[in-house]
Amino acid sequence: MSRTLVKDALNATAPADAILLQGWVRTRRDAKAFSFIELNDGSCLKGLQIIVDASLPDYVNVAKASTGASVEVHGKLVESKGGGQKWEVVAEKFTVLGEADATYPLQKKGHTLEFLREIAHLRPRSNLFGAVFRVRSRLAYAVHQFFQEKAFCYVHTPIITASDAEGAGDMFRVTTLDVGHPPQTEHGDVDNAKDFFGKKTFLTVSGQLEGEIFATALSNIYTFGPTFRAENSHTSRHAAEFWMIEPEVAFCDLAGNMALAEEFVKYLIRDAKQHCAADLEFFSKFVDKELLARLDFVLERPFQRCSYTEAVEILNQSGKSWEHPVAWGDNLQSEHERYLTEEHFKCPVTVYNYPRAIKAFYMRVNDGDRPDRQTVAAMDLLVPGIGEIIGGSQREERLELLRAGMALHHLDEKAYWWYLDLRRYGSVPHAGFGLGFERMLMFVTGVANIRDVIPFARTPGTADF
Ligand code: 4AD
Ligand code: MG
């Protein structure tokens, strides 16, 4: 007999004479003549109520079915007499597959998120994390659906790379050299030519540069994969290993890029609302009371757009005393980003045209800027509660200007020879962006810490499980 998922049993349209359920016991309540068991199998938030009558031969097994135990139930699906649920199962056979001893840490009472992080091997069995990871799975699917429907080609860019896409230097080294006794050159330096790849290599910080190779051949592409940053940021929004979605579009400018980003974010929110309604309701009850109203608000309105120069003016006229005061040319800090989206615009806002010096070398220089205030066609999408969830730009497609950008950022042209070649052979205007998948999940679920939307968080000092 094939197994019925709890989700399908709860959505049944008719009773069933014989069904098989398998899952884990959430709670058990014993009365004189029978026991109630709430069974959860992760297919949905709700559990299914199982009634085991004391007259059943298998009733002897019930005593072993404590919270956390895995069980198998054959029985009848019948209309529930009690309130709160439409269906319940009257057991005919009841087997405990794996007992859970009394130390099982997930008891009925709520636990703190900090405690649950310490038991990341068990937290997916809690209501909150079951919901988070179902939404994560659904949105990963929706990412592909969004781009595949638009005929974007999915490209698998490498995880090990020799180039630093962002030029920021926060990269994890990949090496097979004996770190205690590395081979040396005759000058006494580490001889990287003897390393596995014959040169220094790292975990990628972005698939963008390789994505551009494919966009200048297949026109519209996207990547979706793990990304690594060795920045020592102890915040609720930074992880050392996270997933990023990076579309790259040939024959596209900054305005087209902003429009695509907005459409994409709204598509993901709509998809979660449609396919994860029960889980989102749970978040809005127990995690963030404003969540559903905020998601609706975001869907209904066009995102705001504001140039960096305007943003600096807004910040300086806000009357706020900033921890980091801003002058034109400075990076926007998290407090500034949050103010713009949460207090000033009260809406997602795309800030664009940033100063050249604070952005990556590949961004397209805006023509006609004053030399002392030169900007690039960059864009960051900021959302309430989080700040930046998307960073992107139009790319510099003009060879000489790209070389000038590399010189400005002290990059070695030799290392980027293939990237420069894209500007030598059939160069086209093109643009793209990166959406941090975990930050998007934080936005959609209301969960405030990135460690709680990724199955196994990698942050400074932590790589457990
Ligand atoms: O703004 P970033 O650094 O942009 C890029 O990497 C570009 N190459 C993207 C592109 O144009 N193709 O990163 C993009 C997004 C950020 O907006 C943020 O959402 C997320 O990636 N992100 C992080 N998420 C979690 N932890 C970190 N340490 C992150 N760093 C960036
Ligand atoms: Mg960024």
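Colleague: Which residue has a side-chain N or O atom 3.0 Å from a nitrogen atom of ligand 1?

Modeller: This is a predicted model, in which local features need pLDDT of at least 70 and side-chain atom pairs count only at pLDDT 80 or more, whereas totals for chains, interfaces and linings use all residues. Residues are numbered from 1 along each chain as its sequence is written, chains are lettered from A and ligands numbered from 1 in written order, and side-chain values use heavy atoms, without hydrogens and water. Glu246 also approaches a nitrogen atom of ligand 1, with a polar side-chain atom 2.7 Å away, and a polar backbone atom of Gly391 lies 3.3 Å from an oxygen atom of the ligand. The residue at 3.0 Å is Ser206.

Colleague: Which element gives the largest share of the shell around ligand 1?

Modeller: The shell holds 24 residues (a heavy atom within 4 Å), with Glu166, Gln208, Glu246, Glu388 and Ile389 the closest. Two or more residues come from each of β11 (241–250), β15 (387–394) and β16 (430–436). The largest share, 5 residues, belongs to β15.

Colleague: Is Thr445 buried or exposed?

Modeller: Thr445 lies in helix α12, residues 437–445, and its side chain reaches the backbone oxygen of Leu441 at 2.7 Å. With a relative accessible area of 0% (the limit being under 20%), Thr445 is buried.

Key:
Helix = DSSP H or I, 4+ residues; strand = E, 2+ residues; numbered from the N terminus. Buried < 20%, exposed > 50% of the residue type's maximum accessible area, 1.4 Å probe, protein only. Polar contact = N/O pair within 3.5 Å; in protein donor to acceptor, adjacent residues only side chain to side chain.
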